[in-house]
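Student: I would like to go through the labels used for this model and see what each one rests on.

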Amino acid sequence: MLYWALVFFVIALIAGALGFGGIASASSGIAQILFFLFLVLFAASLILGLVRRR
């Protein structure tokens, strides 16, 4: 999931550099959503891992 967030971020950077504002904005939004979803799932995984060890 983090891989896809980085892919969309790179697409947003390239589109922004070439002047495609709409595509850059959409790609940036998708990358942001995927990154925060990754963070939530990662935190949940860490918490569940700590709870299961006890």
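Student: Why is Tyr-3 called exposed in this predicted model?
Tutor: Tyr-3 has a relative accessibility of 58%. Exposed means over 50%, so Tyr-3 counts as exposed.

Student: What makes Trp-4 partly exposed?
Tutor: The value for Trp-4 is 47% relative accessibility. Buried is under 20% and exposed is over 50%, with partly exposed in between, so Trp-4 is partly exposed.

Student: Why is the pair of Tyr-3 and Trp-4 called edge-to-face?
Tutor: A search of the whole structure finds three aromatic pairs. In the pair of Tyr-3 and Trp-4, the ring centres are 5.5 Å apart and the planes stand at 75°. Pairing needs centres within 6.5 Å, and planes over 60 degrees apart count as edge-to-face, so the pair is edge-to-face.

Student: What makes the pair of Phe-38 and Phe-42 stacked?
Tutor: Phe-38 and Phe-42 have 6.0 Å from centre to centre and 15° between the planes. The cut-off for stacked is under 30 degrees, therefore this aromatic pair is stacked. Both residues lie in helix H2 (residues 21-53), four residues apart, which means a separation of about one helical turn.

Student: Why do Phe-38 and Phe-42 count as partly exposed?
Tutor: Phe-38 is at 26% relative accessibility and Phe-42 at 45%.

Student: What is Leu-2 in contact with, leaving aside neighbours within four places in sequence?
Tutor: Leu-2, in helix H1 (residues 2-18), is in contact with Phe-35 and Phe-38. Leu-2 and Phe-35 are 33 residues apart in sequence and 6.2 Å apart, C-alpha to C-alpha.

Methods: Residues numbered from 1 in each chain as written. Predicted model: local features only at pLDDT ≥ 70, side-chain atom pairs only at ≥ 80, totals over all residues. Heavy atoms only, no water. Buried < 20%, exposed > 50% of the residue type's maximum accessible area, 1.4 Å probe, protein only. Helix = DSSP H or I, 4+ residues; strand = E, 2+ residues; numbered from the N terminus. Contact = heavy atoms within 4.5 Å.
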